[in-house]
Amino acid sequence: MKKLAVAAAAMIVVAGCVNSPELTDTDWITQLVSESDLSETSDLDGNGNPGESSKDPGEVCVPEFWYRQLVNEPTRQIIIENDPVADVCTVTVIHNLCAELIIDTVWNGVFEPGSKAISDTRYTRLIVEKIPDETQYGGWRIVSVTPAEHMLAVGEQEVFVSSITIYKDDQLIWSCTDPGQFYRVDSELPELSEGDFVRMEATVEHLNPMYSPPFFVIAHGPLSGHNRHLMYDNGLYGDETAGDGIFTYQWYVEYTGHHQRIAVDVIDADTFADQTEQDYDSGAWGIHFLK
Ligand SMILES: [Ca+2]
Ligand SMILES: [Ca+2]
Ligand SMILES: [Ca+2]
């Protein structure tokens, strides 16, 4: 027994001599990713303008009130895809959450909502590198990130974001047509500061459109007045061409101190057509911005 205890103590000492005395590279990377704003994926829970009642009674319109609220959020999974011995690692973050859509589709000035269950997976990838002059997190730093993609975890998703483009003062500053694309943190993320004049454009697709309009496209982020706004394809408010499938929101940036993510969210018109059916369907992409 005594011999074994001595041997075990010796092994601990030997293990403790390798590089970092306390944490392994895997530990450092996990800690870095779990604490970084760059791996955040929750950005669709804000309130917004109440929308507009449709003039045509046969048309689906934006609900009188709607918002999402979190019910339950298990710990994010942080998956290190290769051996950190290479000093470069790709990391996948999977964030499952249960939420509900609180929705009132009856335009009568009275808040009597129904709720629709949301089971979402949010998925993002990062590249971390061991940098010689980095003093924190065992020398590891996040050098590139993908947008976060929000997908239904339960139910058949029919609406998808296809592209996002962001302009500042009419200059293209960021675009994405593939949520798997990595952007360098030091040079390729959008930079948005309070007061910047920004136009965000998005295209989306619906695999099985049933209504007119078939979907609603929503901007989330440091917008004006509220952090959630409807995007338009009507040739107005910065939208260059009506009906070309490019939805636009144009504004002066606000609220950058609070959250640093900007997102486009598409919601199936079927979801907004009533407040009772369990038919929540939405897809979104979000990206961290720098300020
Ligand atoms: Ca109502
Ligand atoms: Ca347009
Ligand atoms: Ca429905």
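These legends walk you through a few views of one predicted model.

**Before you start.** Residues are numbered from 1 along each chain as its sequence is written, while chains are lettered from A and ligands numbered from 1 in the order in which they are written. As the model is predicted, local features need pLDDT of at least 70 and side-chain atom pairs count only at pLDDT 80 or more, whereas totals for chains, interfaces and linings use all residues.

**View 1. The whole chain and its confidence.** The average pLDDT (the predictor's confidence in each residue, from 0 to 100) is 89 for the chain, and 88% of the residues score at least 70. Residues 1–18 have a pLDDT below 50, and beyond near neighbours in sequence this stretch has 1 contact in the model. Two residues are in contact if their C-beta atoms, placed from the backbone, lie within 7 Å. The chain has 3 helices and 15 strands; these are DSSP runs (H or I, at least four residues, for helices; E, at least two, for strands), numbered from the N terminus. Of the contacts with a separation of 6 or more, 69% join residues 24 or more positions apart.

View 2. Of the 291 residues, 35% are buried. A residue is buried if 20 or more other C-beta atoms lie within 10 Å of its own, exposed if 12 or fewer, and partly exposed in between, with C-beta atoms placed from the backbone. A nonpolar core is a set of buried Ala, Val, Leu, Ile, Met, Phe, Trp, Tyr and Cys residues joined through C-beta atoms within 7 Å. The largest one here has 36 residues, and Ala202, Val217 and Val264 have the most contacts inside it. Among the elements that each supply at least two residues of this core are β10 (197–206), β14 (261–268) and α3 (269–272). Another core, of 14 residues, lies apart from it and includes Val91, Val128, Tyr137 and Val145.

**View 3. Around Val264.** Which residues does Val264 touch, leaving aside its neighbours within four places in sequence? Its contacts are Val161, Ile164, Ala202, Val217, Ala219, Ala284 and Trp285.

**View 4. A cis peptide bond.** Ser212 is joined to Pro213 by a cis peptide bond, with omega near -10°. Pro213 sits in the loop between β10 and β11.

**View 5. Two residues with positive phi.** Asp87, in the loop between β2 (77–80) and β3 (88–104), has phi near 70° without being a glycine. Tyr137, in the loop between β4 (114–130) and β5 (140–145), has a positive phi of about 50° and is not a glycine either. Is each buried or partly exposed? Asp87 is partly exposed because 13 other C-beta atoms lie within 10 Å, and Tyr137 is buried because 22 do.
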